[in-house]
Amino acid sequence: MSFRRPLGLLLMICASVLLAGCSMAPFQVGGSDAAMEAAEAEGQNQLPRLQPRAIGICYSPAFNEPAEVEAEAIYRCDGGRVVKKDEDVFWNGCSLSQPNRVNYVCYPPDITKKLRDGEVPSN
């Protein structure tokens with residue numbers, strides 16, 4: 001009977017070490033088919049650097065707020081505009097601890113050349 005206590009303690013330590021590596025921050029995966037189709041349709045006549053792309057952000061409603069998920073999407077979009085397309089759960093490339101995925105179309109920021117002091121824009 002005296003070996004139960006050390007065995008239980010050892011199992012608890014192992015479980016906490018394993019769970020310590022799990023992050024609960026939202027993370028990026030591929031977007032859904034609907035988001036990819038929308039991004040391709042809207043980017044047909046645009047320059048490659050301005051073409052939208054589909055991204056998915058995995059999260060858990062138990063650990064992440066909606067604002068945190070959207071902030072991660074904006075960060076992954078390099079500060080561009082994101083439009084929410086749909087949301088799904090399971091079988092979507094997300095982990096079991098964060099099974100929900102929000103799919104966005106990411107429109108990159110329009111990177112324009114800044115004029116130096118005294119420079120006149122050319123037409």
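Which exposed residues does the face of α3 turned away from its buried side carry? In this predicted model, that face carries A67 and Y75, both of which are exposed. The helix itself spans residues 66–76, and within it V69, E72 and A73 are buried. When α3 is viewed down its axis, these buried residues fall within an arc of 100 degrees, and they therefore line one face of the helix. An α-helix has 3.6 residues a turn, so residues three or four places apart point the same way. After the helix comes D78, a residue whose phi is positive, with a value near 60 degrees.

Because buried means under 20% relative accessible area, S32, with a relative accessibility of 6%, counts as buried. When residues up to four places away in sequence are left out of account, S32 touches D86, R101 and N103.

The aromatic rings were considered next. A pair of aromatic rings is described by the distance of the centres and the angle of the planes. By the rule applied here, the count of aromatic pairs in the model comes to zero. A ring does, however, take part in an arrangement with a charged group, since the charged end of R81 sits over the ring of Y107, at 4.2 Å from the centre of that ring.

Note on methods: Residues numbered from 1 in each chain as written. Predicted model: local features only at pLDDT ≥ 70, side-chain atom pairs only at ≥ 80, totals over all residues. Heavy atoms only, no water. Buried < 20%, exposed > 50% of the residue type's maximum accessible area, 1.4 Å probe, protein only. Helix = DSSP H or I, 4+ residues; strand = E, 2+ residues; numbered from the N terminus. Arc of directions from axis to C-beta. Contact = heavy atoms within 4.5 Å. Phe/Tyr/Trp six-rings, centres within 6.5 Å; stacked < 30°, edge-to-face > 60°. Lys NZ or Arg CZ within 6 Å of the ring centre and 35° of its normal.
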